[in-house]
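Please examine the sequence and the three-dimensional structure shown below.

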Amino acid sequence: MNLLLTGVTRVARPIWNRLPSRIVNTHAFLMFGRFMHRHHIRYQDRHQSHVTRFLRNLPQLNVVCALLNEGALDPLSIASVGCSTGAELYSAIWLMQARMGARAVKGLGVDISDWAIAAAREARYPRGTRPDVDMPAEVSGLTEVQSSGLFEDEEGVLCVRGPIRDACSWIVGDVRDSNSVETLGQHDVVMANNFLGPMADDEATACLQGLMKLVKPGRYLVVEGIDLDVKSRVLGPAGWHPVIKDLEPVYFADYWKRGWPWIRWGHEPIDRQRADWRVRYSTIYQAPGDPAASLQKAGLTAVSAPLSSARSPAAAKQ
């Protein structure tokens with residue numbers, strides 16, 4: 001069976017890639033793509049990477065900032081689980097500091113890799129390829145405005161600016177531990193991007209259930225790079241509400257995730273005929289509880305929250 005699907009892939013992929021999107025996104029082609037992905041592609045090339053990029057998904061961070069900018073001025077706490085070398089958490093803290101002024105924002109980075117946590121804590125990033133992992137640097141693709149807002153340049157190495165670095169703490173941890181809530185606490189936002197996808201379904205399910213416990217009632221979980229069936233199966237029945245404001249630009253923001261269905265981590269086209277499409281394709285979810293934190297109100301706020309600060313990354317290249 002696997003040899004047959006491999007042969008089909010070799011024949012179908014070049015034909016598929018030449019077809020216009022209006023044909024590829026028809027029901028018949030989506031059904032074929034899902035079959036190929038579910039039964040062949042999704043089991044290939046499963047490995048973790050401990051490097052990501054600064055401002056990798058700016059539309060996602062914009063929506064998160066708009067959600068948090070609503071309501072009281074209490075201090076905010078954001079956790080980045082599977083934080084790798086720190087780029088995502090530093091990006092979020094910088095943007096929140098720029099958008100929220102004097103409002104206190106604290107970040108916690110969590111990863112099972114001692115090496116990744118040490119690199120995140122050091123907060124120093126090369127301009128080119130990281131020699132320790134032979135991958136493009138975390139700073140690739142930043143504009144000059146973004147780079148100058150995030151970093152100080154020290155002889156060719158970019159060092160995260162003090163106020164951003166000082167707002168973050170780092171810990172080696174595993175959300176599957178029974179004491180994870182006591183160890184890591186609960187947060188207004190828990191970001192868990194791109195590390196659940198390479199896991200087996202049962203392992204990803206256990207991690208996702210652990211992540212859900214770290215979110216304060218009525219607050220937000222950000223999760224992408226996870227198998228869509230696993231995500232829908234866990235979050236939907238548990239009553240987590242998808243934030244659909246800017247769903248499509250957020251979902252497709254990371255250009256490294258093109259190539260579905262022939263690439264395991266590629267973006268599945270959004271199929272609004274599915275009953276679960278909002279849960280399936282959203283990447284931001286509001287936890288049950290705290291009825292004062294109205295999802296509808298927060299979604300409306302996101303419309304009118306432009307990036308106007310001179311320090312903010314309004315001209316990001318995605």
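This is a predicted model: local features need pLDDT of at least 70, side-chain atom pairs count only at pLDDT 80 or more; totals for chains, interfaces and linings use all residues.

Residues are numbered from 1 along each chain as its sequence is written, and side-chain values use heavy atoms, with hydrogens and water left out.

Helices (DSSP runs of H or I, at least four residues) and strands (DSSP runs of E, at least two) are numbered from the N terminus. Two strands are said to pair if DSSP finds at least two bridges between them. In this model, seven strands make up an open sheet with mixed pairing, and their order is S6-S2-S1-S7-S8-S10-S9. Strand S6 (168-172) and strand S9 (241-242) are the edge strands, each of which pairs on one side only.

How much of S2 is buried or exposed? A residue is called buried under 20% relative accessible area, exposed over 50%, and partly exposed in between (1.4 Å probe, protein chains only). By this criterion six of the seven residues of S2 are buried, and the strand is mostly covered.

Contact here means heavy atoms within 4.5 Å. Axes are lines fitted to C-alpha atoms, for helices over the stretch in contact, and the angles between N-to-C directions run from 0 to 180 degrees. Helix H5 (residues 87-100) packs on the sheet and touches strand S1 (76-81), S2, S6 and strand S7 (187-191). The direction of H5 makes about 170° with that of S2. Helix H6 (residues 114-122) lies across S2 and S6, and runs at about 165° to S6.

Further along the sheet, S7 and S8 run parallel and are joined by four bridges. In this pairing, Val189 stands opposite Tyr220 in S8. Together with helix H10 (residues 201-213), S7 and S8 make a right-handed β-α-β unit. A crossover is right-handed if, with the strands pointing away from the viewer, the path from the first strand over the helix to the second runs clockwise. S8 also pairs with strand S10 (residues 284-286), in this case in the antiparallel sense over three bridges, and Leu221 faces Tyr285 in S10. Strand S8 (residues 215-222) is largely enclosed by the rest of the structure, because six of its eight residues are buried.

The cysteines may be considered next. A disulfide is a covalent bond between the sulfur atoms of two cysteines. The search criterion is a pair of cysteine sulfur atoms within 2.5 Å, and a search of the whole structure finds zero disulfides. Cys65 counts as buried because its relative accessibility is 1%. Cys159, with a relative accessible area of 6%, is buried as well.

The last topic is charged side chains. A salt bridge is a side-chain nitrogen of Lys or Arg within 4 Å of a carboxyl oxygen of Asp or Glu, and the structure holds 19 of them. In one of these, Asp254 meets Arg53, with the closest N and O atoms 3.0 Å apart. This pair links distant parts of the chain, 201 residues apart: Asp254 is in the loop between helix H12 (247-251) and helix H13 (277-281), and Arg53 is in the loop between helix H3 (27-39) and helix H4 (58-68). Asp254 is buried because its relative accessibility is 4%, and Arg53 because its relative accessible area is 12%. Asp254 also forms a salt bridge with Arg56 (3.2 Å, N to O). Arg53, Arg56 and Asp254 belong to a network of salt bridges that also links Glu88, Glu224 and Lys257.

A further salt bridge joins Glu154 and Arg124, whose closest N and O atoms are 3.1 Å apart. Glu154 lies in strand S4 (residues 151-154) and Arg124 in strand S3 (residues 124-126), so the pair ties together parts that are 30 residues apart in sequence. Glu154 is partly exposed at 38% relative accessibility, and Arg124 is partly exposed at 33%.
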